[in-house]
Structures are given as structure tokens and as C-alpha cells.
Amino acid sequence: GLGDVYKRQYVMSKLNKINNTGSLDAKKLNINIDSETQEVLDNYTNIAIFGIDNRSSGNYESGNSDCIMIASINDDTKEVKLVSVYRDSFLAVDDKDSLRKLNAAYAKGGPTGAVAALNKNLDLNITEYVSVDFNAVMEVVDALGGIELDITKEEASNMHIWIDEMNEVMGTHGKPVSGPGVQQVNGIQALAYCRDRMSGGDDFRRTERQRIVVGKIVEKAKQADILTLNDLVDKLFPDISTSLSTTEILGLAAHVKEYELADTQGWPCLLYTSDAADD
């Protein structure tokens, strides 16, 4: 009926807001797994997520991927596991097997090169990606009316530094949090929390902060009303580049209320800094 036609047109108008949607080069994705591994992975949808350090320039084809995650969705239970892959991990990021920091794979080979590096080093078969920039984090958190974080004294102090830097570079007008404790933060404050690697724990703790923020966003989005979700889509989709087709996005969106963030962790699981490795 006309109602169904209208709904389809409305949904398509939203999906058309996604910026720079592009496919990956399937021949260069380094998928080389055995049949046993393939059998396990058949039950999962694995999507690479990249946070690009481009200060919201709208360029999703280059730049260091300072945030690298894999969202692993169990197709049967709808459980989602979120894994941060440490950006400074020295891995074989190209066909020459030379070891470089993983975050350079995106800068060198774009989304295809970054996904290929993940597949090669983690024995995966990822064929889809989503890339976002700094602006996406701020837009999502603000559209949801903020999220609640438990901030330490050191984090509150260092967030001030990141907010000042972003105000200068991005032309924003963010204000620091008033102090430590459990509190509601806005978009730029949440982004500063995600970027903090000075409050102890280096990138290990920073990626944990990033997963905390993603978890809070998912939690709040699942409780949001239709008007809030509509606002979120309008603001977020222009800040996204993805290989997912319209059909695939609709298929994932159909189960949004069923998804449960079951676990988050970092990889590699054994944590060694370069100094420790030299000892």
C-alpha cells in the first residue's frame, strides 16, 4: 500500500545521507583461512570499525586509523563482541611482510589495506567496514542527550587538554568537565575521554575508554524514542563511510533492539610495550 511505499522512501532518504559509501577490493583482502575456521566464522558477521584521525575533514580514504575495532555479531543469538586492536601493534600490514604499526595500514592502503591487514594477522574473513571521523562521536553523543561516565581526577584534568586542542583545530567551543566523578558528558567531552592516553595505561586504557563510550552509546540508543533516533541518523550518517550496502544496513537495523553487547576486550591479549619486549 501507499503506507509501505512511503516507509521505504523515508528509509531510503535516510540511508542516502551516508557519505562516500564504497566497496572494498575483494581481491586484496588477504582472506586465507582453513575450512575449520571458516565453519566457525560462518555463524558470525564481522565488521571492521575505523576511527580516522582527520579532524572531520570528510576524507575517509586516508589518514591514520587511531581507533581500530572489530564488531563480531553472533547471527543466531545477536550477541555482539567488540574487540579493540591496538593501533601501535607491529604487524605485517602489507604484502611485503614488513612490520609496521597497524594504524599505518589505513594511511597506506585505505579501507581495503586496513581490512586486509586485520584478516592477514588475525586469521579473519572481514569483507565489510565502517569508518567514522572525530565529528561522528560528538554528533552521536549529543543527539542522544549525552552519556554517563565515571571520570577520575586525572582523566578530568587531561580531558581539558584534549578539549582545548580540539577547540583550536576543529573550531569547536567545548568546555571541560567540572571535576571527577559519575556525570553526564556531552559529545566533545566524550571524544576527549576517548582520546586520553595520558591518564595511565597508555593505549591499552585508552582503547578501554573507547569501548566504554561505545557501550554507553549502544545502551542509550536502544532506549531512545523514534524522534531521537531520527535526529541521530540525520547527524551521524553524513559522518560515515561504509562498504555495507543499503540492503545489508537494513538487515542489521531490523535486529537493533535484539543486539546485546556481551563482551569487550583488547587484542593482542598479552600486553607488552616496546621497552618490555626489549628486556
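A contact is defined here as heavy atoms within 4.5 Å. In the predicted model, residues 24 or more positions apart account for 74% of the contacts with a separation of 6 or more in the protein chain. The chain contains 10 helices and 10 strands. Of its 279 residues, 44% are buried. The protein chain exposes about 14500 Å², of which 52% is supplied by carbon and sulfur atoms.

Valine 93 is located in the loop that runs between strand S4 (90–92) and strand S5 (99–101). The relative accessible area of valine 93 is 9%; this residue is therefore classed as buried, the cut-off being under 20%. When residues up to four places away in sequence are not counted, valine 93 touches Ser98, Arg100, Lys101, Leu102, Ala105 and Ala117. Glycine 109 lies 16 residues from valine 93 along the chain, and the C-alpha atoms of the two are separated by 9.2 Å.

Glutamate 36 belongs to helix H2, which spans residues 35–41. With a relative accessible area of 61%, glutamate 36 is exposed, because the class requires a value over 50%. A negative surface patch includes Glu36 together with Asp34, Glu39, Asp42 and Asp123.

Definitions and conventions: Residues are numbered from 1 along each chain as its sequence is written. This is a predicted model: local features need pLDDT of at least 70, side-chain atom pairs count only at pLDDT 80 or more; totals for chains, interfaces and linings use all residues. Side-chain values use heavy atoms; hydrogens and water are left out. Patches are made of residues with over 30% relative accessible area and no salt bridge: like charges are joined within 9 Å, nonpolar side chains (Val, Leu, Ile, Met, Phe, Trp, Tyr) within 5 Å. Accessible areas come from the Shrake-Rupley method with a 1.4 Å probe; for residues, only the protein chains shown count as cover. A salt bridge is a side-chain nitrogen of Lys or Arg within 4 Å of a carboxyl oxygen of Asp or Glu. Lys and Arg count as positive and Asp and Glu as negative; His and the chain ends are not counted. The place of a charge is taken as NZ of Lys, CZ of Arg, CG of Asp or CD of Glu. Helices (H or I, at least four residues) and strands (E, at least two) are DSSP runs, numbered from the N terminus. Buried means under 20% relative accessible area, exposed over 50%, partly exposed in between (1.4 Å probe, protein chains only).
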